[in-house]
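Trainee: Could you go through this model with me? I'd like to start with the whole chain and then look at some details.

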Amino acid sequence: MSTNWRELFPTRLTFIIFLLYMSLFIGQGIFVTASQESNNSYGYNTVTVVLLTEVFKLIVSTCLYCRDNNLRSLVRDVHKDRNVLALYMVPAFLYCLYNNLAFVNLATFDPTTYYLLLQLRVVVTGILFQIIFKKYLSQRQWISLILLTLGCMLKQVDFSGFYSDANDDSESAAIQAIPSNSNHSLTVDHNQVRGKNMSGFDFSLSAVFILAQTIFSCLAGVYNEYLLKDKGADVNIFVQNVFMYLDSIVCNAGILLLRGELMDAFSPHNLGTIMRFGVIIIIVNNAAIGIVTSFFLKYMNSILKTFASALELLFTAVLCYFLFSIPIYINTALAIAVVSYAIYLYTQSPVVNLGKVRPLSSLSEASSKSTAYDKRKLLDEEGDTDLEMDMV
């Protein structure tokens, strides 16, 4: 079978959104890792960074809305659809936990391992997708999802039993071979490796955190897609983003309050640690991720989103090799190979889930108030139900 590019990317703009989403997420892992100190900790308050990111997202979304409208119209729309605002508290809270756990887990895992382990969300997303949208994935689609998960599990396989110690190319053997008192010329690179978990799950607290982040990501992504395409399908996408970011600000402020850091988080000293290029680029990049993700879920779907995340592995592994001297061992290479094949298999039979939304061909359509009726009319003429999903 040939790749169904038209079903994967209905318009040229959706393909651009796909590439942009991938690029921004690759940058997230690299920027956060680069901002860490020598002991893999952070010299700034990470929750404050997440909160400031949500504030920045809110400002950008408001400005985008006001290109064709005004603030009074925004307030009126927020009040009119306040029931949708309340519904957005669920994904906002889940994304809040996800974003904060990202800093915790990137302090434990190297970026490549981090993204590999996050791919465990693929099967969970498939199950949630079927439950929420009441549609079943085809056999080929499930095979690709399972292969994707197995590829991620290869990351933690120890290949030392298949090779002699001298020829073992696994990450665990390579890390163990580094003496603790080594004065080799690559000491800086070794410190980068020794401080990170590069072998996957080790049944410790770090495994609990990565599993929690995986579950939060699955729930938030699928539920957010449901709001974008069903409950909030008639709401301007920038107003939907305003809903999400208002709720996210409340959630992150609540975390700072529970930690007793709400006032201190915005002290001159803490703000000074944030107002530097290495941290500001994280805020800007993560804000862009949030806005692009809303377009991704509205005009594509959460299943394709998980495959976009998996495709990031190849580029992340190569970039981390050059930027942080993190080696690409046989564990990672095999995992990436299986993940890549799973992505290829999926492209032959992709999920198409438009809900009440038709494909996006220009950004002006996204903010147009007159398209909601036209979109529903178009689907009704084709004989589709509100949440019908075509399977190839």
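Trainee: What percentage of the residues of the chain count as buried?

Mentor: Of the 392 residues, 55% count as buried, where buried means under 20% relative accessible area, exposed means over 50% and partly exposed lies in between, with a 1.4 Å probe and protein chains only. This is a predicted model, in which local features need pLDDT of at least 70 and side-chain atom pairs count only at pLDDT 80 or more, while totals for chains, interfaces and linings use all residues. Residues are numbered from 1 along each chain as its sequence is written, and side-chain values use heavy atoms, with hydrogens and water left out.

Trainee: And how many helices and strands?

Mentor: The secondary structure comes to 19 helices and two strands; these are DSSP runs numbered from the N terminus, with helices (H or I) of at least four residues and strands (E) of at least two.

Trainee: Which share of the contacts between residues at least 6 apart in sequence joins residues at least 24 apart?

Mentor: That share is 85%, taking contact to mean heavy atoms within 4.5 Å.

Trainee: Let's do helix packing. At what angle do H6 and H13 pack?

Mentor: Helix H6 (residues 89-106) and helix H13 pack at about 55°, with their axes 8 Å apart, the axes being lines fitted to C-alpha atoms, for helices over the stretch in contact, and the angles running from 0 to 180 degrees between N-to-C directions. The two helices are therefore oblique to each other, since angles under 35 degrees count as roughly parallel, over 145 as roughly antiparallel, 65 to 115 as roughly perpendicular and the rest as oblique.

Trainee: Is that crossing left-handed or right-handed?

Mentor: H6 passes H13 in a right-handed crossing, which is the case when the near helix is turned clockwise from the far one by less than a right angle, anticlockwise being left-handed. Residues making the contact include Phe-93, Tyr-95 and Cys-96 of H6 and Met-244, Asp-247 and Ile-255 of H13. By class, the contact has nine nonpolar, three polar and one charged residues, with Ala, Val, Leu, Ile, Met, Phe, Trp, Tyr, Cys and Pro counted as nonpolar, Asp, Glu, Lys and Arg as charged, and the others, Gly among them, as polar.

Trainee: Staying in H13, is Gln-240 buried or exposed?

Mentor: Gln-240, which is found in helix H13 (residues 237-258), is buried, with a relative accessible area of 0%. Not counting residues up to four places away in sequence, Gln-240 touches several residues, among them Tyr-88, Leu-227 and Lys-298.

Trainee: Switching topic, where does Leu-345 lie, and what does it touch?

Mentor: Leu-345 lies in helix H17 (residues 330-347) and counts as buried at 9% relative accessibility. Leaving out residues up to four places away in sequence, Leu-345 touches Arg-140, Ile-143, Ser-144 and Leu-147. Leu-345 and Ile-143 are 202 residues apart in sequence, yet 8.3 Å apart in space, C-alpha to C-alpha.

Trainee: Last one, which value does phi of Asn-40 have?

Mentor: Phi of Asn-40 is near 65°, a positive value in a residue other than glycine. Asn-40 lies in the loop between helix H2 (12-34) and helix H3 (46-65), and is buried, with a relative accessible area of 13%.
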